[in-house]
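Work through the exercises below with the sequence and the 3D structure at hand. Try each task before reading its solution.

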Amino acid sequence: MCGIVGYIGSKKAKPILINGLLRLEYRGYDSAGISVIEGTSISTFKNKGRIKNLMDVPGINDLSGKIGIGHTRWATHGKPSSTNSHPHLDNENKISVVHNGIIENYSEIKDFLIKNGYKFLSETDTEVIPNLISYNLKQDKQNDALKLLRAIKKTCDALKGSFAIEVISSILPNNIIVVRKDSPLVIGKGENENYISSDIPAILSFTKDFYLLNDFEYAVLSENDIKFYNSELSPIEKQVKSITWDATAAEKDGFEDFMLKEIYEQPKSIRETIGSRIQKNSNCVIDDLLITKEYLSSVNKIFLVACGTAMHAGLASKPIFEKLCKIPVEVDVASEFRYRDPLLDDKTLCIFISQSGETADTIAALKLAKTHGSKTIAISNVIGSSITREADYSLYTHAGPEIAVASTKAYTSQIILLDIMAIYFSEILNICSSEEINSIKQEILDLPAKLEAVLKNTDKIKTFAKNVYKEKDIFFLGRGTDYAVALEGSLKLKEISYIHSEAYSAGELKHGPIALIENGVTVISIITNPVTAPKIASNIEEVITRGAKTFVITNQNLENSNFDELISIPNINPLISPILSVIPMQLFAYYISKEKGLDVDKPRNLAKSVTVE
Ligand code: F6R
């Protein structure tokens, strides 16, 4: 939530900051702003709305300074407005700050500063930061090059909450100072220039060399140099990390939207996630995961913990863990897990799933599990993300950058990686027949081709979306792993089409929800399990009798049923079917959003990475 960028070098900062903000817009898009050092003073431009509104602010194109910071906002404290947008300055306009995160004790600090004569213009928590830096500067009687850094450190020591902060100041006009705690920030190293960003893809077209800051580490950037300091301001060395992602992977590549591109990338992303982890006729290999038979035999519960779509990936994978490893699995929403006092000890294995690796609740849940002695594994798509630095083991999905706010390819890659982990554990435990394991492995290897087949056949989904895009309520039904997909289909629809929808386990229908079914209501069902197929087919007949329009996605032989529309998908083991059956759900949500003329990639009120509680 909120994106921050920075540039220091020999080129004009403004176009580079705008370019970075456009790429970070998915993190928040209710207002934006930049500050650039022009000579010895700071020039700041802000506007409400998207980055394009900022680009229209009179005078912004005259900026010629080579050092600047920028911000795209997802409002927490204070409504979206030009005044509330970042950067925020101190009362003397000497210190400009952009901030991603939340300052929990801002009102206390604000009261203190007001008592000391400071005035506030905005309703934000952030505005206390430049003013507290200013206050701390005035208290420091030493006059040396580290004076501003000391004032920033003293300020950060007083802040409670989360922050990634960039500071420029007319009193140190050749530097940018940055620091982070629980919010993402990366530094890109160029030739005679350096960059700052909330994430790597935003500045990947400028550099592939990055430094990652840990909590309470400070960096002082100049054109030719970056100095790093620890929380006590002692100088430290940091290793540069080179990223192999291709910058064009973060472009639209001819697709109308990132979401559509990412849906169509799934055969490739699934191949990348499988990589060499599964091979025919040999055991699974998961590099960097050192799990012994002795340890696994002692595990009496696995927790899969995540938020939103990543949590749905956990739900879709629970059955394969239980079937192949014979260990009970609980799937938890991270924001509940962290406060519900879960039963944790060294016999519970906790797996945390997060595309961004920056989700505040998931990180906090992981930290909690560690304090109880549980082993922790993080699954993330972003190398070096915060969660991967906290976990005992980190596994990457390798799905490539996911830019659209609604997650698609990250979800399927998370499931496939969890499925592979279940097989890997099962092989270590040696509790399933090799025939059973080999047949699932073969199905996993066959998946990319099946995904390609589903993606070639989208006409019926498009037509159905055209027929129902004006609906107010849509219901999703499934059983077992199909229910997990129903939940994800319903979430995708809500997110990008703003249609109210609910997902139900089909067997629950008669216990209440069927009261909502009346003439013309749309019910979408997923059926991939031959055992429960006749049961759910009967449940669908029950809604047809009550006037529902029905749309069914299945690989079962149900051609002669009374459904309004049936989409056939290839045959697949129900344990791994969500990776395939979710594709029509993703496309359905996408086409409805397009029919309604909405912004598919940047749905209202949402942000790609939820770094606040
Ligand atoms: C929905 C979506 C969200 C995320 C959730 C967790 O399309 O993207 O529900 O899945 O915010 O995000 P990560 O996986 O980054 O922890």
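**Exercise 1: The ligand and its surroundings**

The ligand takes up the space of the largest pocket. A pocket here is an open set of points on a 1 Å grid over the protein atoms alone, with protein on both sides within 12 Å along at least five of seven lines. A molecule sits in a pocket if more than half of its atoms lie within 2 Å of its grid points.

The model is predicted, so local features need pLDDT of at least 70 and side-chain atom pairs count only at pLDDT 80 or more, while totals for chains, interfaces and linings use all residues. Residues are numbered from 1 along each chain as its sequence is written, and side-chain values use heavy atoms, with hydrogens and water left out.

Task: Which residues come nearest to the ligand, and which helix supplies the largest share of the shell?

Solution. 
1. Sort the shell by type: five residues are nonpolar, seven polar and two charged. In this sorting Ala, Val, Leu, Ile, Met, Phe, Trp, Tyr, Cys and Pro count as nonpolar, Asp, Glu, Lys and Arg as charged, and the others, Gly among them, as polar.
2. Helices (H or I, at least four residues) and strands (E, at least two) are DSSP runs, numbered from the N terminus. Helices α9 (308-325) and α16 (481-497) each supply at least two shell residues. The largest share, three residues, comes from α9.

**Exercise 2: Backbone angles**

Task: Where are Leu-233 and Asp-288, and is each buried or exposed?

Solution. 
1. Start from the general rule: most residues other than glycine have a negative phi, and most peptide bonds are trans.
2. Leu-233 has a positive phi of about 65°. The residue lies in the loop between β13 (226-229) and β14 (235-236).
3. Asp-288 has a positive phi near 70°. Its place is the loop between α7 (266-274) and α8 (293-298).
4. Apply the cut-offs: buried is under 20% relative accessible area, exposed over 50%, partly exposed in between. Leu-233 is buried because its value is 15%. Asp-288 is exposed because its value is 58%.
5. For the peptide bond, see His-86 and Pro-87: they are joined by a cis bond with omega about -5°. Pro-87 is in the loop between β4 (67-73) and β5 (88-89).

**Exercise 3: Distance along the chain and in space**

Task: How far apart in space are Ser-538 and Ala-506?

Solution. 
1. Ser-538 is in helix α17 (residues 533-545), and counts as partly exposed because its relative accessibility is 37%.
2. Ser-538 and Ala-506 are 32 residues apart in sequence, and 9.6 Å apart from C-alpha to C-alpha.

Key. 1 Å grid on protein atoms, 1.4 Å probe; cavity = no way out; pocket = protein on both sides within 12 Å on 5 of 7 lines; lining within 4 Å. Buried < 20%, exposed > 50% of the residue type's maximum accessible area, 1.4 Å probe, protein only.
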